Amino acid sequence: MERENSTVVTEFILLGLTQSQQAQLLVFVLVLVFYLIILPGNLLIILTIRSDPGLTAPLYFFLGNLAFLDASYSFIVAPRMLVDFLSEKKIISYRGCITQLFFLHFLGAGEMFLLVVMAFDRYMAICHPLHYTTVMNPRICYALLLALWLGGFTHSIVQVALILHLPFCGPNQLDNFFCDVPQVIKLACTDTFVVELLMVSNSGLLTLLCFLGLLASYAVILYRVKGHTSEGKHKALSTCTTHIIIVFLMFGPAIFIYTRPFRAFPADKVVSLFHTVIFPLMNPVIYTLRNQEVKASMRRLLSRHMVC
């Protein structure tokens, strides 16, 4: 068969998170409740930052973009997963699978780069406060935002290009509840060793390097904080602690999934659930709960609308 005619699979069957009906119902209820509570919270964060003139610092600009990225990211997997819980046959078209995979890595990589930008912002604010307003001016902030979006797009388009060159001629059962690189590659009817190596380099190595770079940058920041006054020290420690929590929530599952050969592990689906559904919705909320300015602004916004 010719290479251009070799992709005969037109749809994939998703095996889902679990085969147990009771477990599916439990997960469905938990995810639905979580989704309906936390997603509006993320949208409220975006609205609060956009409507309050006092929240114009780069920290809040990037926090608003984090909430937008995470809210968008949650739409890629969660809604379809909830619908599939109610369906007997969980089918996704080949094009739908590639589209889901593209946006998953586009927004995921964008968020990863955004966390790097936020670490740079904190480094400048804490270690070089006199130069902070000069370096982190609005023009630079928008340039960094554009760069991280372009970085996410480049990363994702490479993933998709490698997948599109693979022939799929059966079987077509994906052992997961969404389309992702490790499961899709295993269904290709050709030797995928080189492609897996490229994928691990593109996703795994990049994720690991960003993670180690972020830990090193926050270690430097925390070391420099030691010489600050008690009030400034407490605020810097609180901000950095929040950032470090988000870094571990974001990068821990990603490192587990993408920095090893694409072999199935029992914990894969649970880790993927937290990575694609739970943690993205939680990240901005964690930031907000530890930020007094955003909490105060949010209370003012809610009270103003409640009075109206």
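Colleague: How far apart are the end C-alpha atoms of residues 237-258?

Modeller: The model is predicted. Residues 237-258 are 100% helix and 0% strand. The end C-alpha atoms of this span lie apart by 31 Å.

Colleague: And what is the end-to-end C-alpha distance for residues 59-78?

Modeller: UniProt, in an unreviewed entry, lists 59-78 under "transmembrane region", and 237-258 is listed there too. In the model, residues 59-78 are 100% helix, with 0% strand. Their end C-alpha atoms are separated by 28 Å.

Colleague: At what angle do helix α1 and helix α9 pack?

Modeller: Helix α1 covers residues 21-51 and helix α9 covers residues 268-289. Their axes are 9 Å apart. The packing angle is about 35 degrees.

Colleague: Is the crossing of α1 and α9 left-handed or right-handed?

Modeller: From α1, the contact includes V27, F34, Y35 and N42. From α9, it includes L273, P280, P284 and T288. The crossing of these two helices is left-handed.

Colleague: Now the cysteines. How many disulfides are there?

Modeller: A pair of cysteine sulfurs counts when the atoms are within 2.5 Å. C97 and C179 qualify, with S to S at 2.1 Å. C169 and C189 qualify as well, at 2.0 Å. The count is two.

Colleague: How many residues apart in sequence are the parts tied together by C97 and C179?

Modeller: A disulfide joins C97 to C179. C97 lies in helix α3, and C179 lies in the loop between β3 (173-174) and α6 (181-185). The pair therefore ties together parts whose separation in sequence is 82 residues.

Colleague: Which hand does the disulfide of C97 and C179 have?

Modeller: C97 is buried, at a relative accessible area of 0%. C179 is buried at 0% relative accessibility. The torsion about their S-S bond is about -120 degrees, so the disulfide is left-handed.

Colleague: Are C169 and C189 buried or partly exposed?

Modeller: The buried class needs under 20% relative accessible area, and exposed needs over 50%. C169 has 41% relative accessibility. C189 has 35%. C169 is therefore partly exposed, and C189 is also partly exposed.

Colleague: Which cysteine has the sulfur nearest to that of C127?

Modeller: C127 is buried, with 7% relative accessibility. C127 is in no disulfide. The nearest cysteine sulfur is 8.3 Å away and belongs to C240.

Colleague: Last, D121. Is D121 buried or exposed?

Modeller: D121 sits in helix α3, residues 94-127. Beyond four places in sequence, D121 touches P58, L59, F62, Y132 and M136. Its relative accessibility is 1%, so D121 is buried.

Colleague: With which side chain does the side chain of D121 make a polar contact?

Modeller: A polar contact needs N or O atoms within 3.5 Å. The side chain of D121 has such a contact at 2.8 Å. The partner is the side chain of R122.

Notes:
Residues are numbered from 1 along each chain as its sequence is written. This is a predicted model: local features need pLDDT of at least 70, side-chain atom pairs count only at pLDDT 80 or more; totals for chains, interfaces and linings use all residues. Side-chain values use heavy atoms; hydrogens and water are left out. Helices (H or I, at least four residues) and strands (E, at least two) are DSSP runs, numbered from the N terminus. Buried means under 20% relative accessible area, exposed over 50%, partly exposed in between (1.4 Å probe, protein chains only). A polar contact is a pair of N or O atoms within 3.5 Å; within protein, one must be able to donate a hydrogen and the other to accept it, and residues adjacent in sequence count only if both atoms are side-chain atoms. Contact means heavy atoms within 4.5 Å. UniProt positions are given in the numbering used here, feature names are shortened, and annotations may be inferred rather than shown by experiment. Axes are lines fitted to C-alpha atoms, for helices over the stretch in contact, and angles run from 0 to 180 degrees between N-to-C directions. A crossing is left-handed if the near helix is turned anticlockwise from the far one by less than a right angle, and right-handed if clockwise.
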